[in-house]
Structure formats: C-alpha cells, structure tokens
Amino acid sequence: PIGLINGKLIDLNETIVPMEDRGHQFGDGVYEVTRVYNGRCFALKLHVDRLYRSLRELTIPAVYTYDELAEFHDLLIKESGIADGAIYLQITRGFSPRAHGFPENVVPCLTMSIRPAGAAPDKNKLEGAKGLLIPDERWLRCDIKSLNLLGNVMGKQKAKEAGCFEGIQVRDGFVTEGTSSNFFVIKDGVAWTHPRSNLILTGVTRTLIVEKIAPDLGVPVIEKRFDEAFAKAATEAFISGTNSEIVPIVALSGQPVGTGSVGPVTRNIQQAYWAMVDRECGR
Ligand code: PLP
C-alpha cells in the first residue's frame, strides 16, 4: 500500500510517523476522506474547503494550496492504479515534545493514503440497513472534522454489537447525526435533517443533497432539529456520507421505519446522487 507524507510517496508498511506527532498524543489534527470513482476525485473542492475551515478553527496553518492537494490526490490514484477507492488525508499540528499548549515554530504534518472501495453498490445501499438510536457522547465541536473520534468509534461499536449498520446519535432528546454520516428522515414528502451547528459535521454529501439533489427533485428540505419520537414516526429515513453515499435506514432500534423497506423519496435521492457521481467522474 502506498501513501504520501508531505507530498512524498511512501510505503505505508515501512514508514513510521514520529512518536511525538501531536496527532498521536492529543488527536491534535484534522482529516478528510474523498471518494475516487473511475480514477477521479468526487467533490474534492468541497472537501478541501471543509479541510481549510477545520484547520482555521484549530489554528493549524494551511500549508498546501488547493492545486497542490488536488495534485497529491491525483498522484496517489496514478501510483496505486486504484480507480475506485477512497483517499484519506490527515493534517496534524506537527511534532514537538509533549505539552498541551501549542508549540512554537511547529510544522504541520500531512499524511495521505488510498484504499480500494467496491465499485458496485452493496446490499445495505440497495436493500436498506438497520440503525440504532444511541446517546451522543461526543464533545461540543462536532463541526470540526478532527481526529478525536472516540465518541464516534464507541457509538459505531455499540451499533455493530446490536447488529446494526449505523448508530444514530441523540443529544438532549434531539437526533443529531450518525457516527460517520448525516441523518435524514422523510415525513409527508418533506426531508428533515439537523441544522448546521456545532453539534454536527456538515457533510459534503449532506450539502449536495440539501443544496442540489433535493431541490432538483422538488423535495422540500427542513433543516430543523427533531426528536426520537419524530424519527420513529417518519415514513422513510436514510444516512448520507462519502463512503456510505446514501444508505436507506429501514429500521430504528428494532422498529420498522414506515413500511420497513426502501421508500421512493430515498431511492430517488440515492439515484440522483449516483447520477451526479456519473456526471462528475464519467463513470
Ligand atoms: N458526520 C460525521 C460524524 C462523519 O464522520 C461523516 C463522514 O465521515 C459525515 C457526517 C458525512 O460527511 P461527508 O458526507 O462529508 O462524508
């Protein structure tokens, strides 16, 4: 497997990042995951814009321009020969003797890797998957795509142990998002999702649905918080994310959502998403 450190090609099995990288010791860094279809990055501009925002919020200097980052993505695709995959990118504050406060004169460290992904949609995408409502135990800056993912990791594991594909998190009675996805419900033909705030990550997939796909399909979107009972009474539900794309959620905590099978609004949104990928990446 190949990767990049600060733009230079490396063998992932042989390269070791210094012990005192603040990413290891404090989770002091940010990341992005971008899908590659047909040898091309999908929605890279939106991912890089969000990366810059995450860096700004943590006052980590953005060392690379958009063009440089795009070039690194292309280099990984070319060198790996992976046409359908996902590229992971991480920037940490850098290496410095361990101390909580920001070190001075530290240089951020960029690491990237590429992994293959299935080109064909899997069973969950086609037939729907189960969700488990779980308490949202994360910190209060979920809008930053930071390396601190313990809350998400613990939540996903809880869902997995219950035989569910995703944990749908609930904070103070209101449904926020999945552990690695955003969450939507459909009620009376209207799509509801948690508003942009510090309590959710504004997903690139979510943005594409809210700003382009739903309006094109004539599906009204309400960005307003809703509670657990509202979600359980929805006619349809789905999660969205770079890796998941659109996965219909056909059961929530053991109860069927609507008819318990994939609903028409979700299916239309999913197909419009794939059509958008096809247009941009020429699949
Ligand atoms: N919310 C969380 C907590 C995530 O980790 C992710 C993606 O990993 C998303 C939402 C979806 O974001 P995107 O659509 O940009 O992949």
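Select Asn-6, which sits in the loop between strand S1 (2-5) and strand S2 (8-11). Strands (E, at least two residues) and helices (H or I, at least four) are DSSP runs, numbered from the N terminus. Asn-6 is not a glycine, yet its phi is positive, about 50°. Around Asn-6 there are 15 other C-beta atoms within 10 Å, so this residue is partly exposed. The scale is as follows: a residue is buried if 20 or more other C-beta atoms lie within 10 Å of its own, exposed if 12 or fewer, and partly exposed in between, with C-beta atoms placed from the backbone.

Two notes before going on. Residues are numbered from 1 along each chain as its sequence is written. The model is predicted: local features need pLDDT of at least 70, side-chain atom pairs count only at pLDDT 80 or more, and totals for chains, interfaces and linings use all residues.

**Stop two: the whole chain**

Zoom out to the protein chain, which has 8 helices and 15 strands. Its C-alpha trace spans about 55 × 40 × 30 Å along the principal axes. A compact globule of 283 residues would have a radius of gyration near 19 Å, and the protein chain agrees, with 19 Å. That radius is taken over C-alpha atoms, and the globule rule is 2.2 Å times the number of residues to the power 0.38. Of the 283 residues, 39% are buried. Two residues are in contact if their C-beta atoms, placed from the backbone, lie within 7 Å. Among contacts with a separation of 6 or more, 70% join residues 24 or more positions apart.

**Stop three: helix H2**

Select residues 44-57, helix H2. Its 14 residues should span 20 Å at 1.5 Å a residue, and its end C-alpha atoms are 20 Å apart, which agrees. The expected span is 1.5 Å times one less than the number of residues. Which residues of H2 are buried? They are Leu-44, His-47, Val-48, Arg-50, Leu-51, Ser-54 and Leu-55. Look down the axis of H2: these buried residues fall within an arc of 160°, so they line one face of the helix. The arc is that of the directions from the helix axis to the C-beta atoms. An α-helix has 3.6 residues a turn, so residues three or four places apart point the same way.

Now show what covers the buried residues of H2, including strand S3 (29-37), helix H3 (66-80) and helix H6 (204-217). After H2 comes Thr-59, with a positive phi near 45°.

**Stop four: Lys-145**

Move to Lys-145, in the loop between strand S7 (129-135) and helix H5 (150-161). Is Lys-145 buried or exposed? It counts as buried, with 22 C-beta neighbours inside 10 Å. Leaving out residues up to four places away in sequence, Lys-145 touches Val-30, Tyr-31, Glu-32, Arg-50, Ser-54 and Leu-201.

**Stop five: the ligand**

Select the ligand, which 14 residues surround. A residue counts as near if its C-beta atom, placed from the backbone, lies within 6 Å. The closest are Leu-201, Gly-203, Val-204, Thr-205 and Thr-242. H6 gives the most to this shell, with 3 residues, and strand S13 (236-241) also supplies at least two.
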